[in-house]
Structure formats: C-alpha cells, structure tokens
Amino acid sequence: MTYMVKCDSCGKKYVYESSPMIKDSLWKKISNEHREGDKWVSELFCLECMEKKLGRKITVADLGRYVSTYHNQEFLRRKQ
Ligand SMILES: [Zn+2]
C-alpha cells in the first residue's frame, strides 16, 4: 500500500515510501521536528529534497535502526 504525500520543501507530490526514514541524528539536522503539546510535528521531504538538504546522496548506512522497517523497503528496492 503506497500513498501520495506533499513535500514540505518543494511542494511536489511523491510516494511516501520512496522517501527513506533516516537516522534521528540526520533527520534533526535537516528538519524542524518539534513537540507541540503532546505530539511530535514534523515536515515531510521527498528524497531529492532530503539529499539536497544533506548535501549528498542518502545511503543504506544513513537508515540506521530503521533499515528494516516497512517504510524503507521501497527506498531500498529503488536503490538496487
Ligand atoms: Zn521535495
């Protein structure tokens, strides 16, 4: 099951699963994730914007403990 979301940086619609879930330390560098009351609020970025913000390509090593999550299967499949 895939679904379309909008990138908060470029405004482009993309397949949610095509953009990887990366290590918390990296995500904190490129996003403005913060708490609002009792929930976490975070932006969504497409793969191109994530790589632009990081200034490099995202590799499997950047997935950290999220490497085997369902979310990253699509990213890993496209990488091959
Ligand atoms: Zn984008």
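1. A residue is called buried if 20 or more other C-beta atoms lie within 10 Å of its own, exposed if 12 or fewer do, and partly exposed in between, with the C-beta atoms placed from the backbone. By that definition, buried residues make up 12% of the 80 residues in the protein chain.

2. Some words on the source of the coordinates are needed before going on. This is a predicted model, in which local features need a pLDDT of at least 70 and side-chain atom pairs count only at pLDDT 80 or more, while totals for chains, interfaces and linings use all residues. Residues are numbered from 1 along each chain, as its sequence is written.

3. The confidence score pLDDT is the predictor's confidence in each residue, on a scale from 0 to 100. The protein chain averages 92, and 99% of the residues score at least 70. Confidence is highest in helix 2 (residues 47-54), with a mean of 97, and lowest in helix 3 (residues 70-79), with a mean of 86.

4. Helices (H or I, at least four residues) and strands (E, at least two) are DSSP runs, numbered from the N terminus. The protein chain has 3 helices and 4 strands, and along the sequence they follow the pattern β-β-α-β-β-α-α. The radius of gyration of the protein chain is 12 Å, close to the 12 Å that the globule rule gives for 80 residues, so the chain is as compact as a globular protein of that length. Here the radius is taken over C-alpha atoms, and the globule rule is 2.2 Å times the number of residues to the power 0.38. Taken along the principal axes, the C-alpha atoms fill a box of roughly 40 × 25 × 25 Å.

5. Two residues are in contact if their C-beta atoms, placed from the backbone, lie within 7 Å. Among the contacts between residues at least 6 apart in sequence, 61% join residues at least 24 apart.

6. Which residues does isoleucine 30 touch, if those up to four places away in sequence are not counted? Isoleucine 30, which has its place in helix 1, touches Met50, Lys53 and Leu54. Isoleucine 30 is partly exposed, because 18 other C-beta atoms lie within 10 Å. Its C-alpha atom is separated by 13 Å from that of isoleucine 58, 28 residues away along the chain.

7. Serine 31 lies in the loop between helix 1 (24-30) and strand 3 (34-36), and it is partly exposed, with 17 other C-beta atoms within 10 Å. Not counting residues up to four places away in sequence, serine 31 touches Ser42 and Glu43.

8. Glutamate 33 is also placed in the loop between helix 1 and strand 3. Is glutamate 33 buried or exposed? With 12 C-beta neighbours inside 10 Å, glutamate 33 counts as exposed. Leaving aside neighbours within four places in sequence, glutamate 33 is in contact with Trp27, Lys28, Trp40 and Ser42. The C-alpha atoms of glutamate 33 and arginine 77, 44 residues apart along the chain, are separated by 27 Å.

9. Aspartate 62 is found in the loop between helix 2 and helix 3, and it counts as buried because it has 20 C-beta neighbours inside 10 Å. Apart from neighbours within four places in sequence, aspartate 62 is in contact with Ile22, Lys23 and Leu26.
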